[in-house]
Amino acid sequence: MNNRIVSAFIGLVVLLASSGSVFGAGGGTTLQHANVNIRDTAAIQRGAQLFVNYCLSCHSASYMRYNRLAEDLDLDEDLVMDNLVFADVKIGETMDIAMRPEDAESWLGKAPPDLSLISRSRGADWLYTYMLTFYQDEAGGWNNLALPNASMPHVMWQKQGIQKPVYATHDGVETVDHLTLAEPGLQSPEEYEDSIRDLVTFLEYLGEPAKIKRKNIGVWVLLFLALFALIAYALKAEYWRDVH
Ligand code: HEC
């Protein structure tokens, strides 16, 4: 193969490999890798279950309708109604919450943002790190390494257990060096990490539902382009044979 074709090929492969990366906003802490696989439908289903159980009471996902969820995740609409819908809503409605934003603000100090697009603004690794780094401070309140002084309580503490901070002093400034699990939860650390990976996979899907289909189509488009490049090259060789 000619050099130019080889480099075009490499270009395509690089494009394919980099298309999934998200450059999320960093935090005060080193981000841990979520390693989500957006094509893992079972993970998105488990994540959806966690989301409606642990998050939807405060956060809406008002760009998502339950029937779209059913369609994308290959779930029967009745199954979705029975397992994912607790409020008095119909299958065609969006994932909203009953709480009024003003009430949420006065109870929690800050209104919980809609999470429809959170994976796009924060990125999967940030969300994963955020859900893993809640800890209880000396005063007994919740704090978080990715979002210091977050007004969100650790809603999944029963699963994870209670983490406590270990401090270190650098240049006279005391910071949290790492967290230790002071009280184990219902899940082992590995199981909890898997649950959070599922939850973040769901949030990734939520941020861009078309991604599931697009990723599948994308592979075929790139294969087609590669094949087409070969045909075009063969055609060029054929035309120029007479000229030379
Ligand atoms: C009790 C209500 C409540 C529940 C339940 C809750 N949150 Fe929150 N959440 C909040 C509040 C309040 C904030 C705003 C925190 C702040 O900015 O200080 C927040 C902030 C966040 C943020 C940060 C948004 C940003 O970019 O600043 C994320 C991400 C988040 N929540 C995810 C979740 C997930 C995932 C769940 C379910 C596992 C969940 N929350 C459950 C109240 C809640």
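## Interface between the domains

Between domain 1 and domain 2 an area of about 550 Å² is buried, with carbon and sulfur atoms giving 49% of it; buried area here is the accessible area, taken with a 1.4 Å probe, that two parts lose on being put together, summed over both. On the side of domain 1, Ile-38, Arg-39 and Glu-208 lose the most area to domain 2, and together they account for 71% of what that side buries.

The model is a predicted one, in which local features need pLDDT of at least 70 and side-chain atom pairs count only at pLDDT 80 or more, whereas totals for chains, interfaces and linings use all residues. Residues are numbered from 1 along each chain as its sequence is written, and side-chain values use heavy atoms, with hydrogens and water left out.

## Domain layout and charged contacts

Domain 1 spans 24–208 and domain 2 spans 212–244, with bounds that come from an automatic or database domain assignment, and their C-alpha centres lie 43 Å apart. Across their interface the rule finds 0 salt bridges, a salt bridge being a side-chain nitrogen of Lys or Arg within 4 Å of a carboxyl oxygen of Asp or Glu.

## Ligand surroundings

The ligand is surrounded by 22 residues, of which the closest are Cys-55, Cys-58, His-59, Arg-122 and Met-152; a residue is counted if one of its heavy atoms lies within 4 Å of the molecule. A polar side-chain atom of His-59 lies 2.8 Å from a nitrogen atom of the ligand, while a side-chain N or O atom of Arg-122 is 2.7 Å from an oxygen atom of the ligand.

Key: A polar contact is a pair of N or O atoms within 3.5 Å; within protein, one must be able to donate a hydrogen and the other to accept it, and residues adjacent in sequence count only if both atoms are side-chain atoms.
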